[in-house]
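Hello,

Here is the structure I promised to pass on. My notes follow below it.

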Amino acid sequence: MSGADIVRLERKTPYASASDGPVLYGEALDELRAEAVPELKEYPDIEQYDTILLGYCNWWSSIPASVRSFLMHDDFSGKTIVPFCSMGGGRFGQTISAIAKLAPDSVIKEGLEVTYSSYDSDEIEKWLESNNIKSK
């Protein structure tokens, strides 16, 4: 809806159990507890952007390890980060404070949180407008 470039933050080494939900959650939880910073397949060139729409799922009230890797890779000074997350009921949890710690000199704008099963295009359009992002 935003017309923004989309870059998927993928681990260079995939999870061993990508097709088994409960095992995958266990791997991701171990990664969270270890504060892992896995290498990504690619790191987007953020130099060309003033604003970054940062989407992620909220598991255990935290950002995924791949988001941590992305935020630790570059200097986000002066960048605007507009977060959005899917969640099962925990809202943003501690994700906004985690982003702020990893990108301390950025501006973090109003975020959008949605449940895994919701998709309200009107709500998304209002959120984009509230952050001065034009929707297509």
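**Helix α4 and the overall fold**

On α4, the face turned away from the buried side carries Asp 122 and Lys 126, both exposed (over 50% relative accessible area; buried is under 20%, partly exposed in between; 1.4 Å probe, protein chains only). This is a predicted model: local features need pLDDT of at least 70, side-chain atom pairs count only at pLDDT 80 or more, and totals for chains, interfaces and linings use all residues. Residues are numbered from 1 along each chain as its sequence is written, and side-chain values use heavy atoms, leaving out hydrogens and water.

Helix α4 spans residues 121-130, and its buried residues are Ile 124, Trp 127 and Leu 128. They sit on the same side of α4 because they cover an arc of only 100° around the axis (taken from the directions from the helix axis to the C-beta atoms). The buried residues pack against β1 (51-57), β2 (80-87) and β4 (112-115) (contact means heavy atoms within 4.5 Å).

Now the ends. At the start of α4, a side-chain oxygen of Asp 120 comes to within 3.0 Å of the backbone nitrogen of Asp 122. Just after α4, Asn 132 has a positive phi of about 60°.

The whole chain next. It has four helices and four strands (DSSP runs numbered from the N terminus: helices are H or I, at least four residues; strands are E, at least two). The order along the sequence is α-β-α-β-α-β-β-α. Of the 136 residues, 33% count as buried. The C-alpha trace spans about 40 × 35 × 25 Å along its principal axes.

Best wishes

Definitions and conventions:
Polar contact = N/O pair within 3.5 Å; in protein donor to acceptor, adjacent residues only side chain to side chain.
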